Amino acid sequence: MLYETFKADFENNPHEAMSLSELNLLVREAISNALPENYWVRAETSDVRVNASSGHCYLEFIDKDEFSGQIVAKSRGTIWARTYQMLRPYFEQETGQTFRSGLKVLVNVSVTFHELYGYSLRVHNIDPSYTLGDLVKKRREIIRRLQEEGIFELNKELPFPSLPRRIAVITSPTAAGYEDFTDQLLHNKGGFPFYTKLFPAIMQGEKTEESIIDALDRIFPYADIFDVVVIIRGGGSASELSCFDSYLLAANCAQFPLPVVTGIGHERDDTVVDMVAHTRMKTPTAVASFLIECMSREAEQLQDLENRICAEATKRITEERAVIQILATRFPVIVTGLVEKHRNRLHAMTVHLSVLPQWIRHHSENLDEILPRVQRAIDATLSKHKTFIDGMPLRLRSVFDTIISGHRRETELQEQYIKMVSPEYILKRGYTLTVKDGKIVKHAADLSAGDEITVKFADGEKKGKIIK
């Protein structure tokens, strides 16, 4: 009605000036008449902010040129508090993203014009499937870019340390997940030592990407003193994880010189950071369990190796002692046999010499020449064999002593090794052994309040009872 009245007055008096409010009123009525319906509009969100007192959401909608990226259209937008309270959780649940600036959205709007605030779009509904499609497209593009640059699998190709004890932790110092992580490492049943260093970072919101990259930059100069990098955060909604679908953050993690383990508290689809990390776990406590399991696996292998070495050393000592015993038993027999053998040879020579006179008589004509030669040969032979026989026990004893000495030395070395790994030797070094019901206690979890124990020292033992 006002629009028609102002219009009629203007037509009847075209040269009479109107006020700005009257002109804006004409504009409002004209827009209302020309665009009376609601429209579905594609746009990008910008400058999203929520009034703390009223709960209304104010933002801008922009449209960019597909090729140049320049803004070609812009409009203010408003989502009234009641509508915003319904649309925001629905949008975030469906897309896994916070309603923020920089999102491609499909919104149902009505066109409004206010005399004081001007032109704007009032949001009545939103289609999250349109935004979800755009997010999936962006995520696929990030993954494709990382793969084309050859860095997508870089961190996974790093060898994971057998004993991941020195841990650089990136998280918020106030996060509940950080406390759970450190508590589980500190009180692990195996008693394995872990050394953690916190590099504080913001773990949700628009500054997450920049903050985590800064933490990685601070770790980099000291990479040689750490075994792994752990990125963890406490539980939260899936909408708070969009910052981990970032190209820059994923590229930094993928190219980091230490294995990266993630536990950012979600069980749905992996983020891009999860995909490029060396190992992805669901939660901070799961990361702690994984690190403890790595240590436990190595400890079991070392224990098995120690048991095998002790068993093999004991077996060798037993075998060598048996050989020495056999040699000691057979030595007199061997010596007696050798002496008897040479005695028989000497007897045979005596027999041969007994026929010498007959031979001499047969060759009597050359007796003067033969006798000296024969006598010298006999003397030399007898002397040689006598010397050999006389020295044989000494030589056999020397050979036997050498063999026995070698075996004894090897046996002593093996016995010394067994003594070094024996409980008695460990006690002498200042350690103690805790025994319950005749068995050594290896883990703190094996003891409960009220248990009676025996603590063994090198110089004795003491009885005790677990109070707490």
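**Group meeting: a helix, a core and an open sheet**

T171 has a relative accessibility of 0%, so T171 counts as buried. Buried means under 20% relative accessible area, exposed means over 50%, and partly exposed is in between, with a 1.4 Å probe and protein chains only.

Before going on, a note on the source. This is a predicted model, in which local features need pLDDT of at least 70 and side-chain atom pairs count only at pLDDT 80 or more, while totals for chains, interfaces and linings use all residues. Residues are numbered from 1 along each chain as its sequence is written, and side-chain values use heavy atoms, with hydrogens and water left out.

Back to T171, which belongs to strand 6. Helices (H or I, at least four residues) and strands (E, at least two) are DSSP runs, numbered from the N terminus. A polar atom of the T171 side chain is 2.7 Å from the backbone oxygen of I232. Leaving out residues up to four places away in sequence, T171 has contacts (heavy atoms within 4.5 Å) with several residues, among them Y178, L198, M203 and R233.

Next, helix 6. Buried residues of helix 6 include T208, I212, L216 and I219. The buried residues of this helix pack against strand 6 (166–171), strand 7 (195–200), strand 8 (228–232) and helix 7 (247–254).

That leads to the core. A nonpolar core is a set of buried Ala, Val, Leu, Ile, Met, Phe, Trp, Tyr and Cys residues joined through side-chain atoms within 4.5 Å. The largest one has 36 residues, and L146, I212 and I231 are among those with the most contacts inside it. Helix 4 (128–148), strand 6, helix 6, strand 8, helix 7 and helix 8 (272–276) each supply at least two residues. Helix 7 gives the most, with six. In soluble globular proteins, nonpolar side chains tend to be buried together.

Take L146, in helix 4. L146 has 0% relative accessibility and therefore counts as buried. Among its contacts beyond four places in sequence are F152, Y247, A250 and V276. L146 and V276 are 130 residues apart along the chain, yet their C-alpha atoms are separated by 9.0 Å.

Four strands form an open sheet in the order 12-11-13-14, with antiparallel pairing; two strands pair if DSSP finds at least two bridges between them. Which strands stand at the edges? Strand 12 (439–440) and strand 14 (460–465) do, each with a single partner strand, so one side of each has no neighbour in the sheet. Strand 13 (residues 452–457) is joined to strand 14 by six bridges, and I453 stands opposite G464 of strand 14. F457 is also in strand 13, and with a relative accessible area of 35% F457 is partly exposed.

Note on methods
Polar contact = N/O pair within 3.5 Å; in protein donor to acceptor, adjacent residues only side chain to side chain.
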